[in-house]
Amino acid sequence: MLVSSQAGKSDAWDSFLARFHELIVATVVRTAFASALPGRTDVEDLVQEIYLKLCANDFQILRRVRSDHPNGVYGLVRAVAHSTTIDYLRTLRNPTNDSRKTVSLEALTHDLALDRPTEGELHRRMLFERLDVMLGDICPPDTVIRDRNAFWLYYRQGFTAKEIAAMPAMGLTVKGVESLLFRITVALRTQLTADAQKGFPPSVRHSQGEE
Amino acid sequence: MGIGTKPGCLSTFDIAGIATDILSPHEMHTALSHVGDCGVCAEALRQATLDLDREFTANEIEVIAEYLKHRPAMPASAAKPRPAAWWPAAAAAALLLVSAGVWFFAFPGDSVPELLAQASASARPFESRLPDAPYGRAQVQRGEEANPPAALLKAQAELAKRAAAGERSVDLLRLQAWSELLSHQVGTAVRTLEEARRLAPNNLDVLSILGAAYAAGTEAGSEAGFSSSIDLLSQVLQQRPTDRAALYNRGLAHFRLGQSPAAVADWEALLKVETDPGWAEEVRLLLAQAKSR
C-alpha cells in the first residue's frame, strides 16, 4: 500500500485513509484534549497538517517504517500525529518567536551562574556515574541497556513502574519492572556495601576499585 | 521541534517514537539514555506515554465520531495530476461515509457485547479468536482494510459511560479489554484483563479472553506469551472442554511454538463442535498446515 501511495494512486490513498484516518483523528483528539486544547478548527487544521507531513517530500517520513517491526506503520503514524499535535500546542502556548527577544548580558550572566553545579550536585553526579558503571557490571549483557534505562527512569526521573511498563520498548509488565528494580537495587546495595568494607571512598568509581 | 534546551534534547517526534516503539534499537537506546538524564525530556515522555496509552473518555469518543464524518483529500503537493479520477472516488467515499453514519445511529438498543461482536466480525486485527466473536477475517495476515469504526466507537462510548458511573465489575473490565483488543491495544488489554483476573481468579470468561490476548500480543515471535496463553486456556478447557475460542487459540499457541501434534488435537476437537462455517473453514486450513509440518 505504501508503494502505491507513493505513486499517488487515489485508490491507495483511500485505502490509507480507511486504515489510518481514525487512528490519526483519535490520536489528535486524545493528545489535544489532555492539554485542554481548542476547538474544532484546531483539530481539523492538525489533521490536515499531519497528512501534509506524511505526504511531504514524496512520502519521505513513511519510508522510515521498519517492515520487520510489529508496530510498523501504525506506530509511525501515531508518532507523527502525536508529535505534530504537541508541536502545535507548544506554538499556541508560546506564540512569540523567542529568537527575536533580547536578553540583557547581566541577566544572562546571572542565569549561567545559576546553571553552574554546586558541590552537592557534583557529588551527586559522581555517585550517578559510579552507579552507572556498576549497573553495567551487574545487569545481564543481553538486557543491560533496557535494565539501565529502567533504573534511571525510575530513580532519577521519578517514573513509576506502571509508566515504565507502558513503554513497549521495555517489554515488561508492571510486575516485571518492579521485580527488575528490586533485583538491581539489591545487587547495587550489596556491591556498595562490599566496596565500603574494602575502604573505597564514595567518590571512587567502581571500575577503578575492582581487583 | 526540540523538547528541551540541553544539547541532545529530543524532538517531539523522538519522544513519540519511544512511546510508540518505532525507533531502531540504537535510536531507542540513545533516546532513553538522554531521557534518563534530562528532566524536561523525561516529563515529555511521561506525558506522551500517558496520551497514547490512556482510555478515551466518553466526550472524546463523541468528538472523534464527529470528526470521522469528514475525510480529507490527498494533499495537492503529494497527488499526481489526475484530477478527473478523484471525483468517482470521492463520491464513493462520501456514500460510504453516509452509510456508515446511518449504520452508527441505526442500532441504539444494541448491547455492548453485540456491538463488539459486530466490530469483531468486520475484521480481527490478529490471528487469535476472541470468545463470543463471530468469524472475521484476520486483517494482519490478509491485508484487509480496517473495519468500520461505528460499532466499536459506540461500544466504547457505552463502556466509558458505565465506567464514569462508577461501575468496576469484572464484566466491564472484560468488555473493555475486548474493545482494546479490537483497537490494537493488546498491551493495555492484557493489563485490563490481569486486573479482572485479580478480582476474579477463576472466572473462565476472563481466563479465556486473557489467553487470546497473550497469544495476540506475541505474534512477533516471543514464546513466553504463547506459553502463558496455553496455561490459561488449559484451565478453561479443563472445565469447558468444548470452549471453541479456547480450543482455537490453544491450538494456535501450540502451532506457533512448533508443537504441531498438540495443535492438531485441539483443532480436530474444535471441528467436532464448530458451528460457524467461517471459523470451520479457517480451522481446516490451519489443520492442513499443521499436518504438513
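1. Let me start at the end of chain B: the buried residues of α15(B) pack against α13 (244-256) and α14 (260-273) of that chain. "Buried" here means 20 or more other C-beta atoms within 10 Å of a residue's own, "exposed" means 12 or fewer, and "partly exposed" is in between, with C-beta atoms placed from the backbone. Contacts are pairs of residues whose C-beta atoms, placed from the backbone, lie within 7 Å. Helices (H or I, at least four residues) and strands (E, at least two) are DSSP runs, numbered from the N terminus.

2. Before going on, some housekeeping. This is a predicted model, in which local features need pLDDT of at least 70 and side-chain atom pairs count only at pLDDT 80 or more, while totals for chains, interfaces and linings use all residues. Residues are numbered from 1 along each chain as its sequence is written, and chains are lettered from A and ligands numbered from 1 in the order in which they are written.

3. Back to α15(B), which covers residues 277-292. The helix has 16 residues and reaches 23 Å between its first and last C-alpha, close to the 22 Å expected at 1.5 Å a residue; the expected span is 1.5 Å times one less than the number of residues. Which residues of α15(B) are buried? They are B:W279, B:V283, B:L286, B:L287 and B:A290. Looking down the axis, these buried residues of α15(B) fall within an arc of 110°, so they line one face of the helix; the arc is that of the directions from the helix axis to the C-beta atoms. An α-helix has 3.6 residues a turn, so residues three or four places apart point the same way. The other side of α15(B) has exposed residues, namely B:P277, B:E281, B:R284, B:L285, B:A288, B:Q289 and B:S292.

4. Now the partner, α14(B). The axes of α14(B) and α15(B) are 9 Å apart and the helices pack at an angle of about 155°. That makes α14(B) roughly antiparallel to α15(B). For reference, angles under 35 degrees count as roughly parallel, over 145 as roughly antiparallel, 65 to 115 as roughly perpendicular and the rest as oblique. Axes are lines fitted to C-alpha atoms, for helices over the stretch in contact, and angles run from 0 to 180 degrees between N-to-C directions. The crossing of α14(B) past α15(B) is left-handed, that is, the near helix is turned anticlockwise from the far one by less than a right angle (clockwise would be right-handed). Among the residues making this contact are B:A263, B:V264 and B:W267 of α14(B) and B:V283, B:L286 and B:L287 of α15(B).

5. In α13(B), 12 of the 13 residues are buried, so the helix is largely enclosed by the rest of the structure. The buried set includes B:R244, B:Y248, B:N249, B:R250 and B:H254. Packing partners of the buried residues of α13(B) are α11 (204-216), α12 (223-239), α14 and α15 of chain B. The end C-alpha atoms of α13(B) are 18 Å apart, which agrees with the 18 Å that its 13 residues should span at 1.5 Å a residue. Just after α13(B), B:G258 has a positive phi of about 80°.

6. How do α13(B) and α14(B) cross? Their axes come within 8 Å, at roughly 160°. That makes α13(B) roughly antiparallel to α14(B), and this crossing is left-handed. The residues that meet include B:L247, B:G251 and B:F255 in α13(B) and B:A263, B:W267 and B:L270 in α14(B).

7. Phi of B:D21 is near 60°, a positive value in a residue other than glycine. B:D21 is partly exposed, with 19 other C-beta atoms within 10 Å.

8. B:Y67 lies in helix α4 (residues 58-67) of chain B and touches A:V25 and A:V43, leaving aside residues up to four places away in sequence. B:Y67 counts as partly exposed, with 19 C-beta neighbours inside 10 Å.

9. Finally, the chains overall. Chain B has 15 helices and 0 strands, and 44% of its 293 residues count as buried. Chain A has 9 helices and 0 strands, with 31% of its 211 residues buried.

Key: Two residues are in contact if their C-beta atoms, placed from the backbone, lie within 7 Å.
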